[in-house]
Amino acid sequence: HGGDIFTRPARIDDAVLGRIETLAALAPLHQPQSLRLIHAMRRLYPDAVQVASFDTAFHATMDPVARRFAIPRALHDQGIKRYGFHGLSYAFIAQQLPGLALAPDARVVVAHLGSGASLCALRGGVSRDSSMGFSTLDGIPMATRSGALDP
């Protein structure tokens with residue numbers, strides 16, 4: 001999870017690692033696991049270059065209105081917003097679109113289907129909206145998640 005901080009891959013140094021650690025609350029099931037791996041690799045291979053690629057980075061181009069929920073601004077400012085996930089998959093798909101002879105600003109809806117699933121609205125190969133909500137519970141159904149479910 002790159003939050004609003006990381007919108008592209010980043011070479012991991014102490015400062016980057018510290019910023020990644022501050023984002024753990026946004027992805028408590030995933031971020032700590034990734035951090036443990038980063039720390040383990042640093043211990044085992046201290047001279048190796050590590051680069052972090054963020055699943056949320058592809059969606060940094062989403063329109064601000066698509067990122068907002070109907071909640072008080074203070075909560076939004078604390079980080080409760082739509083980030084989008086499966087961005088590494090969508091980035092690959094977006095790179096393939098020019099080969100399909102689409103118009104440069106083509107509007108395309110792409111589905112990432114598997115155990116985790118989501119939809120992404122692309123325009124000109126960049127993310128404009130995502131079916132993923134703040135948590136992984138929202139959106140379309142996935143292997144172990146119901147998707148959008150009215151309380």
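User: How many aromatic pairs does the structure hold?

Analyst: Rings of Phe, Tyr and Trp (its six-membered ring) pair if their centres lie within 6.5 Å; planes under 30 degrees apart count as stacked, over 60 as edge-to-face and the rest as tilted. The structure holds one aromatic pair. The ring centres of Phe6 and Phe54 are 4.4 Å apart and the planes stand at 10°, so the pair is stacked. Phe6 belongs to the segment before β1 (10-11) and Phe54 to the loop between β2 and α3 (64-67), so the pair ties together parts that are 48 residues apart in sequence. Helices (H or I, at least four residues) and strands (E, at least two) are DSSP runs, numbered from the N terminus.

User: On what basis are such values given?

Analyst: The model is predicted: local features need pLDDT of at least 70, side-chain atom pairs count only at pLDDT 80 or more, and totals for chains, interfaces and linings use all residues. Residues are numbered from 1 along each chain as its sequence is written, and side-chain values use heavy atoms, with hydrogens and water left out.

User: In what order do the three strands of the open sheet lie?

Analyst: Strands of a sheet pair through backbone hydrogen bonds, either parallel or antiparallel. Here two strands pair if DSSP finds at least two bridges between them. The order is β3-β4-β5, with antiparallel pairing. The edge strands, β3 (107-112) and β5 (126-130), each pair on one side only. β3 and β4 (residues 118-123) are joined over six bridges, with Val108 partnered by Leu122. β4 and β5 pair over four bridges, where Cys120 stands opposite Ser130. Two residues separate β4 and β5 in their hairpin, and Gly124 in the turn has a positive phi of about 65°.

User: Which residues lie nearest the centre of the largest pocket?

Analyst: Rolling a probe the size of a water molecule over the atoms shows where empty space is left. On a 1 Å grid over the protein atoms alone, with a 1.4 Å probe, a pocket is an open set of points with protein on both sides within 12 Å along at least five of seven lines; lining residues have an atom within 4 Å of a point. Of the 28 lining residues, His1, Ala27, His30, Gln31 and Phe85 lie nearest the centre. The space in this pocket is about 600 Å³. α2 gives the largest share of the lining, four residues.

Key. Grid points are joined across faces, edges and corners, and a volume is the space filled by probe spheres set on the points.
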